[in-house]
Amino acid sequence: MRTSMFRSVESAIRRVSTSSPSTSTSSTHFARRCFSSESAPAPARKVAVLGAAGGIGQPLALLMKLNPLVSSLSLYDIAGTPGVAADVSHINTRSEVAGYMGEDQLAQALDGCDLVIIPAGVPRKPGMTRDDLFNINAGIVKTLCTAIAKYCPHALVNMISNPVNSTVPIAAEIFKKAGTYDEKRLFGVTTLDVVRARTFFAGKANVNVADVNVPVVGGHAGITILPLFSQATPKGSNLSDEQITALTKRTQDGGTEVVEAKAGKGSATLSMAYAGAVFADACLKGLNGVPDIVECSYVQSNITDIPFFASKVRLGKNGVEEILGLGPMSDFEKEGLEKLKPELLSSIEKGVKFANQ
Ligand SMILES: NC(=O)c1ccc[n+]([C@@H]2O[C@H](COP(=O)([O-])OP(=O)(O)OC[C@H]3O[C@@H](n4cnc5c(N)ncnc54)[C@H](O)[C@@H]3O)[C@@H](O)[C@H]2O)c1
């Protein structure tokens, strides 16, 4: 029987989860599905979290355990996963949970996966940019993607490890070398930028946060994060140019806001786990053939002259079904787009170069 605390969490989630079209299609339904006792028949899906004992990995493991679309949950890390897996496995939801620790168990962790989520790596400390993480995280991503190519080459990959602007191109190069690359199956997770843009916009425009949609395009670092507030819905109170500039900056610096508040104890973990779980849920729904699942993601793209670019993406049975265009942009956003291109391109080139060394 459910406890009263569980019931109050469920009702809180229901209150904030009202359905709305477009980019929130999956996010607004996600929490409701997770905390729902309805048992919709869903195909078996194995999901792995690599880096599952970390700050993001643990709450992400919890949220994936609550997702009824998951039948098998594989928790991998270089340390600590037996404990996390034993703990999460006691939750009375559909998925079987297994913990794997150390590289000699990576093959088993990945075998038969439909979806692999990667939050493995080191997070930022105050004063660091995401790019400062490159040297350590690039190597981790290279190792993990080499194993994915070998043991579950058809899985969708959700890359959370920073710098996402470079780790996604690294993964693409590793998969190309292994002969398994399918650009429809590789995603940089930029959902946290969308989550932040929605929250910050709702606060300023005086609208219900659960109804807000804001596409966020470009990449996932500093000025490469470009929220398109001119397309935000519902419109709410009219915002001045100064307010839009401030909202844009706050969205771009959202990660740094958390890094500074945590004062050396890491970067966003709880909101990132939520965002990662929302995006993973959207991918699973797409795989299961649910129509009209649209989320923003950083993918191989030709909607601009930059080879990897975040924008709204329609998800389907094979991963990316359609990359949606940028839509009408304000002059401020057009300017932001031109400004971000050199940095984004250089991060992509850095990743490609690293992978081919
Ligand atoms: N995409 C985003 O929006 C976003 C947001 C926040 C953080 N991040 C990134 O996510 C990553 C993880 O952040 P965190 O706060 O969870 O860090 P953390 O240090 O708390 O956890 C990382 C985990 O990865 C594990 N790990 C290290 N090497 C590994 C390997 N080779 N294989 C498997 N696991 C390995 C560690 O043991 C640890 O448990 C960082 O790169 C961070 O910058 C991304």
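**Ground rules.** I am working with a predicted model, where local features need pLDDT of at least 70, side-chain atom pairs count only at pLDDT 80 or more, and totals for chains, interfaces and linings use all residues. Residues are numbered from 1 along each chain as its sequence is written.

**Whole chain.** I looked up the helices and strands, which are DSSP runs numbered from the N terminus (helices: H or I, at least four residues; strands: E, at least two). The chain has twelve helices and eleven strands. I then checked burial (buried means 20 or more other C-beta atoms within 10 Å of a residue's own, with C-beta atoms placed from the backbone). Of the 357 residues, 50% count as buried.

**Ligand.** Where does the ligand lie? Domain 1 (46–189) and domain 2 (191–347) both give residues to the shell around the ligand, so it lies between them. The domain bounds come from an automatic or database domain assignment. Helix α6 (residues 134–151) gives the largest share of the shell, four residues.

**Helix α8.** I checked the length of α8 (residues 191–205) next. The expected span is 1.5 Å times one less than the number of residues. For 15 residues that should be 21 Å, and the end C-alpha atoms are 21 Å apart, which agrees. Is α8 enclosed or open? Eleven of its 15 residues are buried, so α8 is largely enclosed by the rest of the structure. Among the buried ones are Leu192, Val194, Phe200 and Phe201. After α8 comes Asn206, with a positive phi near 55 degrees.

Technical notes
A residue is buried if 20 or more other C-beta atoms lie within 10 Å of its own, exposed if 12 or fewer, and partly exposed in between; C-beta atoms are placed from the backbone.
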